[in-house]
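Subject: Structure handover

Hello,

Here is the structure I promised. Please take a look, then read the notes below.

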Amino acid sequence: MIRIDDLGLFLRSAALGSFTAAAVEADLLPGQVAAAIKRLERELEVRLFTRTTRSLRLSAEGEQYLPTARSVLEHLEQGRENLRGEHAPLRGTLQIAAPSDLGRNLLLPWLTEFRRLHPALCVRFLLSDQVSNLFRDPVDVAIRYGFNEDANYIALPLVPLNRRVLVASPDYVARHGTPLVPDDLLRHTCLPYLQNGRLHDRWQLGAQTVQVAGPLFSDDADVVRRWALSGEGIAYKSWLDISADVHAGRLMVLMADHPGDIYPLSFACPHRGQVSRAVTQFHQWLSERFSTIPPFVMD
């Protein structure tokens, strides 16, 4: 008979690529995880993983079985949620991935407040500007910028009309002047950023695209914002990331009549079976808070 705990360890081992990492997460010994996988393999009469001394990866049969194992555990969790009732305390673990700048400076206090309202809920908050794989990475929800180009996951809108804007500190503008048209950026120090190994140095401003350059770039959007705040150059940032700095006078919007491209913010889940009560309530919570941020108004 297949054990439910063994299915859970199979999913975590597949996501983390390591029995040891899965054991640490579950507060077990690596040998206990390996034994659980062996039991599952005996029940299924297949090899679920291909093991070497340096790596662990799913076999072809393991890849085929992974959606089934995930579906079984999700149906069990949904049944547990149904028994608890709509007004029962939120329990379990909510794993959230978010971009670095937005996560540290906007989502963090909101998430802390949400957790205080639901003290039985465990929250794991993962910050990275690399795009997470919702089917491999240990996340229930990914807060994502950009358009939904993968029909395999569910994307619920948070701020669909968010934009990128050009910003610089008052100190930078005082020292270097104000660019008035997109081509002026060719004579300014700009702050490109890296994402998934790609340098984003082509900035869309109105109908024109400009290839910018500068001596500083990072794969962390929070670092780029901090450089802009310290007067190191011009940044091309999500309005959500810098709206508080603009309203406080720490940053200035440049060329508001040449707005950047639409850069929507979404709340992404692997599929509808993963939309638990905790996920649903967290989406509603975030939607209410994002609605309080004044939108960017073009000149």
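Which residue does D222 meet in a salt bridge through its side chain? The partner is R104, at 3.6 Å from N to O. D222 lies in helix 7 and R104 in helix 5 (residues 100-117), so the pair ties together parts that are 118 residues apart in sequence. D222 is buried, at 4% relative accessible area. R104 is partly exposed, at 36%.

One caution: this is a predicted model.

**Overall picture**

The chain has 299 residues, and 46% of them count as buried. Its secondary structure comes to nine helices and 14 strands. Take the contacts between residues at least 6 apart in sequence: 74% of these join residues at least 24 apart. The accessible surface is about 15,600 Å², and carbon and sulfur atoms hold 53% of that.

**Around R104**

D220 also reaches R104. Their side chains make a polar contact at 3.4 Å. D220 sits in the loop between strand 11 (208-211) and helix 7 (221-229). Is D220 buried or exposed? D220 is buried, with a relative accessible area of 18%; the cut-off for buried is under 20%. Beyond its neighbours within four places in sequence, D220 touches S100, R104 and D129.

The structure holds 17 salt bridges. Another one joins D245 and R225, with the closest N and O atoms 3.0 Å apart. This pair links distant parts of the chain: D245 is in helix 8 (residues 239-247), R225 is in helix 7, and 20 residues separate them. D245 is buried at 5% relative accessible area, and R225 is buried at 8%. Salt bridges with shared partners join ten residues into one network: D101, R104, D220, D222, R225, R226, K237, D241, D245 and R250.

R164 and D261 form a salt bridge too, at 3.1 Å from N to O. R164 is in strand 7 (residues 164-168), while D261 is in the loop between strand 13 (252-254) and strand 14 (265-269), 97 residues apart. R164 counts as buried at 11%. D261 is partly exposed at 26%.

Helix 9 (residues 277-290) has 14 residues and spans 20 Å from its first C-alpha to its last, close to the expected 20 Å. Its buried residues include F282, W285, L286 and F290.

On the surface, I4, V72 and L76 form a nonpolar patch with about 220 Å² of accessible area together. I4 belongs to helix 1 (residues 4-16) and counts as partly exposed at 42%.

Best wishes

Conventions
Residues are numbered from 1 along each chain as its sequence is written. This is a predicted model: local features need pLDDT of at least 70, side-chain atom pairs count only at pLDDT 80 or more; totals for chains, interfaces and linings use all residues. Side-chain values use heavy atoms; hydrogens and water are left out. Helices (H or I, at least four residues) and strands (E, at least two) are DSSP runs, numbered from the N terminus. Buried means under 20% relative accessible area, exposed over 50%, partly exposed in between (1.4 Å probe, protein chains only). Contact means heavy atoms within 4.5 Å. Accessible areas come from the Shrake-Rupley method with a 1.4 Å probe; for residues, only the protein chains shown count as cover. The expected span of a helix is 1.5 Å times one less than its number of residues. A polar contact is a pair of N or O atoms within 3.5 Å; within protein, one must be able to donate a hydrogen and the other to accept it, and residues adjacent in sequence count only if both atoms are side-chain atoms. Patches are made of residues with over 30% relative accessible area and no salt bridge: like charges are joined within 9 Å, nonpolar side chains (Val, Leu, Ile, Met, Phe, Trp, Tyr) within 5 Å. A salt bridge is a side-chain nitrogen of Lys or Arg within 4 Å of a carboxyl oxygen of Asp or Glu.
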